[in-house]
Every structure is written in C-alpha cells, then in structure tokens.
Amino acid sequence: MSVKSFLQESCPAIKNILLLDSEGKRVAVNYYSDDWPTNAAKEAFEKAVFAKTQKTNARAEAEITMYDNYIVVYKFAQDLHFFVTGSDNENEIILASVLQGFFDAVGILLRGNVEKREALENLDLILLCLDEIVDGGIILETDANVIAGKVASNSVDSGAPLSEQTISQALATAREHLARSLLK
C-alpha cells in the first residue's frame, strides 16, 4: 500500500470545494474526487446543491445538509456561496473547519470585501487558497491566517504588502496616478 492510498483511506477526505455566485454559477471550484467524472456531472451537482441551499440563511454560521449521499457544509457572504462536500461518513465538524478556513482566508485576502466582483478580480489568490487548503482531497490546513500567509508568500512579489499584490489593484493605482497627473 502506497503512502498516498494509506492517507486517502485513513484521513478525512474532501470531495470538492465550491465557490458559487448568487445565481449558482461558478466563481472557483476544485474537485478532488472522481465521483463526478464529467464537467456536465460537476455542473449538475453544483446546480442541485445550490438549488437545495439557496432558500436557507447561512450567513452567520455554517449550515449542514445531505445531498445525494454527500454531506455538504455551506456558508454565504454577500453574493458568494461557499460549499465543502464530503462523503456521508465524514465528520461534519472537520468539513465545517475546512469551510471556515476557506471562508476566513478569502475574507483576509479580499480585505473583508467578500463579494463576487472582488473575488473575480482576485481569482488567482482564491485558487491558490484552495491549493493551500486541500491537496488531492487530503486536508492540509484550516487556519485562515496560515492559509492567507502562504498565499501571500506565493505571490509574484513577496516583499510587497498584501494590499499591493494583485494586478487589478496595481492597475487601479496606476489609473489614479495617471488621473492625478492629467488633472494638474
């Protein structure tokens, strides 16, 4: 038995992490299981989970539901819906800690502005965040500060402050400077 197969059998496993918008469309998703072999199957799962959960109010705390023999833990913020899925025999508390780590790390990386537009402008950071949390379904980290710190250190210019690390923000700053110089 290989180390990877041993870890997959003995450690809690994440099936997927989904970040959808308020219409159920993908913002960022990562699947760690072959339970959904095609893109159509993945999109059907996302649509069904969104439909099942959209009427709930999971803004203050994470909610838990069962869908198609999977445990789905989810939480909403503004126009974003965060989901973590595990098999029906996974520990809900562990799934919830993964969700909370992802949710809080995204909040840190987006400087509290957790909404679709900001998420799309910083999609690179969110995708790196997913990579820092889970690898191949195995949970690597759930502490939001550690996750955000690793993502920040993986950015192009690790010496720059976190607030200056995204391309969209650099372009916005350049626009401001250009506008000021034109107005003088």
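This report walks through a predicted model of a protein chain, from its overall layout to its sheet, cores and helix packing.

## Before we start

Because this is a predicted model, local features need pLDDT of at least 70 and side-chain atom pairs count only at pLDDT 80 or more, while totals for chains, interfaces and linings use all residues. Residues are numbered from 1 along each chain as its sequence is written, and side-chain values use heavy atoms, with hydrogens and water left out.

## The overall layout

The protein chain holds 7 helices and 7 strands. Here helices (H or I, at least four residues) and strands (E, at least two) are DSSP runs, numbered from the N terminus. Reading from that terminus, the elements follow the order α-β-β-α-β-β-β-α-α-α-β-β-α-α.

Of the 184 residues, 40% count as buried. Buried means under 20% relative accessible area, exposed means over 50%, and partly exposed lies in between (1.4 Å probe, protein chains only). Contact means heavy atoms within 4.5 Å. Among contacts between residues at least 6 apart in sequence, 49% join residues at least 24 apart.

## The sheet

Let's look at the strands. In general, strands of a sheet pair through backbone hydrogen bonds, either parallel or antiparallel. In this model, 5 strands form an open sheet in the order β2-β1-β5-β4-β3, with antiparallel pairing. The edges are taken by β2 (26-31) and β3 (63-67); each has a single partner strand, so one side of each is left without a neighbour in the sheet. From one strand to the next, the twist averages 20 degrees. Two strands pair if DSSP finds at least two bridges between them.

Strand β1 pairs in the antiparallel sense with β2 over 5 bridges and with β5 over 6 bridges. Leu19 shows both pairings: its bridge partner in β2 is Ala28, and its bridge partner in β5 is Phe82. In the β1 and β2 hairpin, which has 4 residues between the strands, Gly24 takes a positive phi near 85 degrees. How many residues of β1 are buried? The count is 6 of the 6, so β1 is largely enclosed by the rest of the structure. Asn16, Leu18 and Leu20 point one way from the strand, while Ile17, Leu19 and Asp21 point the other way.

## A residue on the edge strand

Arg26 sits in strand β2. With 33% relative accessibility, Arg26 counts as partly exposed. Leaving aside residues up to four places away in sequence, Arg26 touches Leu19, Leu20, Tyr31, Asn39, Lys42, Glu43 and Glu46. Arg26 and Leu80 are 54 residues apart in sequence and 9.8 Å apart in space, C-alpha to C-alpha.

## The nonpolar cores

In soluble globular proteins, nonpolar side chains tend to be buried together. A nonpolar core is a set of buried Ala, Val, Leu, Ile, Met, Phe, Trp, Tyr and Cys residues joined through side-chain atoms within 4.5 Å. The largest core here has 33 residues, of which Ile17, Phe82, Phe102 and Cys129 touch the most other members. Helix α3 gives the most to this core, with 8 residues.

Phe102 touches Ile17, Leu18, Leu19, Phe82, Ile126, Cys129, Leu130 and Ile133, not counting residues up to four places away in sequence. A second, separate core of 13 residues includes Leu20, Trp36, Ala58 and Val72.

## How the helices pack

Axes are lines fitted to C-alpha atoms, for helices over the stretch in contact, and angles run from 0 to 180 degrees between N-to-C directions. Helix α2 (residues 39-53) lies across β1, β2, β3, β4 and β5, running at about 115 degrees to β2. Helix α5 (residues 123-133) lies across β1 and β2, at about 20 degrees to β2.

The axes of α5 and α6 come within 9 Å and cross at roughly 125 degrees. These two helices are therefore oblique to each other. Angles under 35 degrees count as roughly parallel, over 145 as roughly antiparallel, 65 to 115 as roughly perpendicular and the rest as oblique. Helices α3 and α6 pack at an angle of about 50 degrees, with their axes 8 Å apart.
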